[in-house]
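Dear colleague,

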Amino acid sequence: MRTLHNFLSIVLSIGLFTSCGNDWLDLEPSTQIPTETSIKSLSDIDYSLNAIYATMRNAYAYSGRLIYYGDVTGDDMQAVQSTCRTAHYYQMDWLPANGPSTHWSYLYSIIQNCNVILDGIDNIEILPNDEDEHIFRNDLEGQALAIRGLALFDLTRFFGYTYLKDNGASLGVPIITSASATADSKPSRNTVAECYDQIIKDLKNAASLMIPTYSWSGTSLNQKDLSLNKKGKISKWGTLTLLSRAYLYIGKNSEALQAAEEAIKGSEANKYQLWNTEEYPTVWGTEASEANPGEILFEIVNTTTESPGNESMGYLTSPKGYQDMCITVSFYHHLLETPNDVRIKLLVNQDKKVMYLNKYQPQPGENIMDANIPIVRLSETYLNAAEAAVKNGDATKAAKYLKAIALRGNPDYTMPAKVTLDDVLEERRKELIGEGHRMFDLLRNNLRVTRINETDDMMKEVVHFADEKTSMDFDRNYYRTILPIPQKEINANSNIVQTPEYLK
């Protein structure tokens with residue numbers, strides 16, 4: 001498998017551009033990083049970004065592994081059987097030699113290809129009075145910065161301890177911000193704090209550059225040959241939500257609330273809105289439109305012709321697919337405590353054996369494996385705002401943002417006299433199940449992951465199958481909550497060191 005050492009020599013092959021402007025640009029191996037002269041126009045940048053989004057679509061990236069990791073390592077979802085693809089993650093039984101190395105390789109591939117764009121974009125000549133091209137250029141740069149920030153954020157939480165464990169003093173991952181790095185570069189690991197500094201810098205800069213809304217039809221900006229098609233592209237409001245997420249992870253709650261509120265206000269001014277209770281169970285596969293964009297602020301768009309395949313979230317979570325991962329019996333029992341909660345309607349039972357989560361619904365005419373993958377939803381933005389407000393002691397705003405999600409989910413919900421962190425985390429648990437958050441939400445708040453072994457006649461084939469190597473009750477100090485750096489990377493780079501616990 002490719003490592004950072006190898007991926008520093010993998011770049012966007014600009015020479016593959018064709019006259020067909022809508023083609024995805026292939027990723028090709030190369031012996032050197034292209035110079036800034038390889039990118040000559042804004043169209044080159046646009047095509048290059050399409051290639052990055054295509055990489056993100058891979059099932060080893062954001063259509064699969066990078067999402068389900070945070071759920072099956074938690075307490076509310078699990079692999080159905082020990083032979084399933086997700087079982088390795090659920091049991092957390094990796095060693096330095098057999099850790100899931102694609103988390104490292106795909107994210108660094110994304111980062112380095114963003115660096116190619118960011119290194120070259122300033123060299124593109126734009127006429128000073130061409131306002132449209134300046135807008136387009138800034139938005140493209142903003143997208144590249146936002147994606148780089150997201151990739152580094154995920155690398156940091158996969159391969160580093162939570163920030164608040166030691167205020168970011170422990171080791172995170174190498175920060176790579178230039179395409180001038182080569183296969184001979186041997187970057188050392190930065191601290192978790194340094195990683196978050198870079199993440200926040202990228203996301204803030206990205207949001208300042210991005211336009212409020214895009215075209216939905218693919219029409220050009222003021223009839224110029226400048227595509228600002230929104231579908232499948234990260235938005236300004238999605239970027240601000242990611243920024244609020246990053247601030248929550250490092251305990252900067254005032255900043256998290258500010259970013260979330262800006263995202264809520266801006267997105268709703270541009271027609272985004274929370275799904276209502278009635279549409280919630282089936283809206284996940286609905287085609288968004290300019291008139292009704294819904295609540296997804298950034299998603300991976302999959303189609304039958306550009307499909308992540310059978311390893312995607314859609315296929316892994318479906319009884320019509322691989323039947324690989326499901327909710328735990330204990331979480332099922334927890335949901336039944338509020339029987340009128342609409343989120344129960346997302347569960348699909350298979351012959352009284354397993355309870356699957358039906359969030360990854362294909363769009364009309366597409367297959368299960370081709371379901372889109374929501375990366376950022378407005379629901380998370382509200383919950384980020386509620387959590388930040390609670391931690392900031394702002395009871396009014398905490399109640400305002402929690403109420404919107406809790407009552408949408410359960411019309412019978414009774415608002416507490418004073419919203420607590422437990423109230424917000426409870427709604428995060430129900431609302432964001434299956435979207436990659438659960439283990440991280442617990443650990444970053446210094447809470448324990450506690451897996452409860454229960455049985456139920458509706459889920460007869462679901463059992464906890466952890467062996468003696470797998471802790472069923474752990475906190476943020478447990479060394480297996482961070483992934484081992486791929487052994488090939490360590491072998492190739494003498495400056496890369498493993499987390500100390502893995503050397504024991």
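With which residue does Arg448 form a salt bridge? The model is a predicted one, and in it the partner of Arg448 is Asp473, with the closest N and O atoms 2.7 Å apart. Arg448 lies in the loop between H16 and strand S9 (449-450) and Asp473 in strand S10 (residues 473-474), so this pair ties together parts that are 25 residues apart in sequence. Arg448 is partly exposed, at a relative accessible area of 42%, and Asp473 is likewise partly exposed, at 36%.

Asp76 takes part in two further pairs. With Arg429, Asp76 forms a salt bridge whose closest N and O atoms are 2.7 Å apart. This pair links distant parts of the chain, 353 residues apart: Arg429 is in helix H15 (residues 421-431) and Asp76 in the loop between helix H3 (65-72) and strand S3 (77-79). Asp76 counts as buried, at 1% relative accessibility, and Arg429 is buried at 16%. Asp76 also meets Arg438 in a salt bridge, at 3.3 Å from N to O. Arg438 belongs to helix H16 (residues 438-444), so this second pair ties together parts that are 362 residues apart in sequence.

Helix H9 (residues 236-249) packs against helix H13 (residues 378-392) at an angle of about 35 degrees, their axes being 10 Å apart. Among the residues that make the contact are Arg245 of H9 and Glu387 of H13. The residues of this contact comprise two nonpolar, four polar and three charged. In helix H2, 14 of the 16 residues are buried.

Yours sincerely

Conventions. Residues are numbered from 1 along each chain as its sequence is written. This is a predicted model: local features need pLDDT of at least 70, side-chain atom pairs count only at pLDDT 80 or more; totals for chains, interfaces and linings use all residues. Side-chain values use heavy atoms; hydrogens and water are left out. Axes are lines fitted to C-alpha atoms, for helices over the stretch in contact, and angles run from 0 to 180 degrees between N-to-C directions. Helices (H or I, at least four residues) and strands (E, at least two) are DSSP runs, numbered from the N terminus. Contact means heavy atoms within 4.5 Å. Ala, Val, Leu, Ile, Met, Phe, Trp, Tyr, Cys and Pro count as nonpolar, Asp, Glu, Lys and Arg as charged, and the others, Gly among them, as polar. Buried means under 20% relative accessible area, exposed over 50%, partly exposed in between (1.4 Å probe, protein chains only). A salt bridge is a side-chain nitrogen of Lys or Arg within 4 Å of a carboxyl oxygen of Asp or Glu.
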